[in-house]
Amino acid sequence: MESIKQSYQQGKARSEAQQTTENMMDKASNAAQSAKEGMQEAGQQMQAKAQGVADAVKDATGMNK
């Protein structure tokens, strides 16, 4: 009877550890996705600013006419 109880407790502990690991992996995945999206947005903003600067230079030098 004690052996069955120990097996049950070990299985329960293993299951809880697996669930904790899965939760941590989900959080890490979500953090990575958020970072990726943030970097993409920052890149797009920088690209737009660079285009604005290029257009301003063209306007100032008369190359945009």
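Start at D26. At 48% relative accessibility, D26 counts as partly exposed, because the partly exposed class runs between under 20% for buried and over 50% for exposed. The model is predicted, so read every value here as computed from it.

Keep D26 selected and colour by secondary structure. D26 sits in helix α1.

Next, select residues 2-61. This is helix α1, with 60 residues. From its first C-alpha to its last, α1 reaches 88 Å, close to the 88 Å expected at 1.5 Å a residue. For picking positions along a face, recall that an α-helix has 3.6 residues a turn, so residues three or four places apart point the same way.

Step on to G62. This residue follows α1, and its phi is positive, near 80°.

Zoom out to the whole protein. Its secondary structure comes to one helix and zero strands. The radius of gyration is 28 Å, well over the 11 Å that the globule rule gives for 65 residues, so the protein is more spread out than a compact globule. Along the principal axes, the C-alpha atoms fill a box of roughly 90 × 10 × 5 Å.

How much of the protein is buried? Buried residues make up 0% of the 65.

Last, select the charged side chains. There are 8 positive and 8 negative ones. The centres of the two sets lie 2 Å apart.

Note on methods. Residues are numbered from 1 along each chain as its sequence is written. This is a predicted model: local features need pLDDT of at least 70, side-chain atom pairs count only at pLDDT 80 or more; totals for chains, interfaces and linings use all residues. Side-chain values use heavy atoms; hydrogens and water are left out. Helices (H or I, at least four residues) and strands (E, at least two) are DSSP runs, numbered from the N terminus. The radius of gyration is taken over C-alpha atoms; the globule rule is 2.2 Å times the number of residues to the power 0.38. Buried means under 20% relative accessible area, exposed over 50%, partly exposed in between (1.4 Å probe, protein chains only). Lys and Arg count as positive and Asp and Glu as negative; His and the chain ends are not counted. The place of a charge is taken as NZ of Lys, CZ of Arg, CG of Asp or CD of Glu. The expected span of a helix is 1.5 Å times one less than its number of residues.
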